[in-house]
Structures are given as structure tokens and as C-alpha cells.
Amino acid sequence: MEKLTFYSKTAMAAFGIILTMMSTTHAEILMGRVTGISDGDTLTIVDATEVQFKIRLSGIDSPEKGQAFGQFCKNSLSDLAYGRAAQIDWKKLDRYGRIIGTVLVDERDMSLEQIRRGCGWHYKKYQNEQSTNDRLSYSAAEESAKNDKVGLWADSDPVPPWIWRATSKYQ
């Protein structure tokens with residue numbers, strides 16, 4: 001095996017530092033006006049420079065459009081956010097290029113509000129990406145909505161969207 005030179009060791013170390021920096025997540029803040037609602041967990045904003053961004057609410061999964069309560073949950077998010085100023089605290093993009101973030105409108109967390117209204121599941125698959133406070137709040141809000149049979153919890157056997165997507169001809 002060839003012996004590594006000082007320069008190749010330095011290059012490898014620099015490459016490692018770059019990879020570490022790329023994987024380190026830090027929050028970004030995006031401000032804009034909500035101009036569209038796709039469904040119960042996805043909206044569009046336009047920032048001050050007229051650039052449009054698709055935003056996926058973090059921490060929840062809402063019924064899809066073709067699913068029971070899909071339109072109800074879309075209308076709920078519209079009532080909460082459409083036409084209003086929003087602040088998005090985000091760290092990553094999903095596989096579709098959407099920003100995944102905490103959306104605040106009038107200082108209210110839209111994910112938490114949707115869960116309270118029975119318009120989403122606390123998306124436990126990604127709960128380790130949440131702060132402890134958000135994880136506990138979202139989970140408690142889901143339990144409360146279930147117990148009170150609010151929104152989608154009025155259904156005797158609501159189907160989580162991740163199961164619906166996997167078993168339907170949706171995709």
C-alpha cells in the first residue's frame with residue numbers, strides 16, 4: 001500500500017472537515033407571505049424579493065387530498081395561514097425540494113395548530129429531529145385531539161397518510 005504524503009493527508013483532512021460542515025445542521029429563517037395551500041401540511045410563501053418557496057410543515061403528516069379529511073385539513077391550514085405573514089425556521093429540504101420547517105403565523109406554530117384541530121398526526125418517524133418541547137407538545141396535542149374526537153379523529157379508524165400513500169394508487 002502506498003504511503004500517504006503530507007499533502008494527501010492534508011487534503012483528506014480538509015475533505016473530512018468540509019463533509020462535517022456540510023452535515024452540520026443550522027437553522028435558517030425565511031420570511032414571507034403565504035400565497036398558497038397545497039394540503040394540510042404544505043404551503044407556498046413568497047418572500048420580499050418575490051421568490052416563491054414550497055414549505056412542508058415539520059413534525060406532522062396530514063391526510064392527502066384524495067384521503068378522508070384531506071380537504072378539511074387543507075381548509076384548516078388555509079384558515080390559519082393564507083394571506084398572512086409567516087416565519088419559517090428550517091434546517092433541511094425533502095426529496096421533492098420542499099423546505100421542511102416550523103411555520104409561525106402570528107407567533108403560532110402551524111404544525112401544532114393543525115394537530116390540535118385534528119388535521120395531522122405527530123410524525124413520530126421524524127420526532128428525533130424535533131426539540132424536546134416540540135416533541136412533547138405535538139404528542140400531547142395529538143392525544144388530546146384523539147380523546148376529544150376532533151377532526152380526523154372523529155373517524156372510527158383513521159388511516160395515517162404514510163400508510164394510505166403506500167397502499168393506494170396515489171403515487
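Trainee: Where is Glu142 placed?

Mentor: Glu142 sits in helix H4. Keep in mind that this is a predicted model.

Trainee: Is Glu142 buried or exposed?

Mentor: Glu142 is buried, because its relative accessibility is 5% and the cut-off for buried is under 20%.

Trainee: What does Glu142 touch, leaving out residues up to four places away in sequence?

Mentor: Its contacts are Ile115, Trp121, His122, Lys124 and Trp153. Gly120 is 22 residues away along the chain, and its C-alpha atom is 8.0 Å from that of Glu142.

Trainee: Which residue meets the side chain of Glu142 in a salt bridge?

Mentor: Lys146, at 3.4 Å from N to O. Both residues lie in helix H4, four residues apart, about one turn of the helix. Lys146 is partly exposed, with a relative accessible area of 29%.

Trainee: How many salt bridges does the count come to?

Mentor: Twelve. One of them pairs Asp106 with Arg84, where the closest N and O atoms are 3.9 Å apart. That pair links distant parts of the chain, 22 residues apart. Asp106 is in the loop between strand S6 and strand S7. Arg84 is in the loop between helix H2 and strand S5.

Trainee: What is the relative accessible area of Asp106, and of Arg84?

Mentor: Asp106 is exposed at 57%. Arg84 is partly exposed at 33%.

Trainee: And Lys92, which residue does it form a salt bridge with?

Mentor: Glu129, with the closest N and O atoms 3.0 Å apart.

Trainee: Why does that pair tie together parts that are 37 residues apart in sequence?

Mentor: Because Lys92 lies in strand S5, while Glu129 is in the loop between strand S8 and H4. Lys92 is partly exposed at 29%. Glu129 is also partly exposed, at 49%.

Trainee: Which way do the S2 residues point?

Mentor: Thr42, Thr44 and Val46 point one way, Leu43 and Ile45 the other. In a regular strand, side chains alternate between the two faces of the sheet.

Trainee: How many bridges join S1 to S2?

Mentor: Five, and the two strands run antiparallel. Ile37 stands opposite Leu43. A hairpin connects S1 to S2 through two residues.

Trainee: What about S2 and S3, in which sense do they pair?

Mentor: Antiparallel, over five bridges. Thr42 stands opposite Arg56 there. This hairpin has five residues between its strands, and Glu50 in the turn has a positive phi of about 70 degrees.

Trainee: Which side chain has a polar contact with Arg56?

Mentor: Asp61, at 3.1 Å. Asp61 lies in strand S4. Asp61 counts as buried, at 0% relative accessibility.

Trainee: What is Asp61 in contact with, leaving aside neighbours within four places in sequence?

Mentor: The list includes Asp41, Arg56, Gly120, Trp121 and Tyr123. Pro161, Trp162 and Arg165 are among its contacts too.

Trainee: Last topic. Which residues make the nonpolar surface patch?

Mentor: Val159, Trp162 and Ile163, over about 230 Å². Val159 is in the loop between helix H4 and helix H5. Val159 is partly exposed, with a relative accessible area of 36%.

Key:
Residues are numbered from 1 along each chain as its sequence is written. This is a predicted model: local features need pLDDT of at least 70, side-chain atom pairs count only at pLDDT 80 or more; totals for chains, interfaces and linings use all residues. Side-chain values use heavy atoms; hydrogens and water are left out. Patches are made of residues with over 30% relative accessible area and no salt bridge: like charges are joined within 9 Å, nonpolar side chains (Val, Leu, Ile, Met, Phe, Trp, Tyr) within 5 Å. Accessible areas come from the Shrake-Rupley method with a 1.4 Å probe; for residues, only the protein chains shown count as cover. A salt bridge is a side-chain nitrogen of Lys or Arg within 4 Å of a carboxyl oxygen of Asp or Glu. Buried means under 20% relative accessible area, exposed over 50%, partly exposed in between (1.4 Å probe, protein chains only). Two strands pair if DSSP finds at least two bridges between them. A polar contact is a pair of N or O atoms within 3.5 Å; within protein, one must be able to donate a hydrogen and the other to accept it, and residues adjacent in sequence count only if both atoms are side-chain atoms. Contact means heavy atoms within 4.5 Å.
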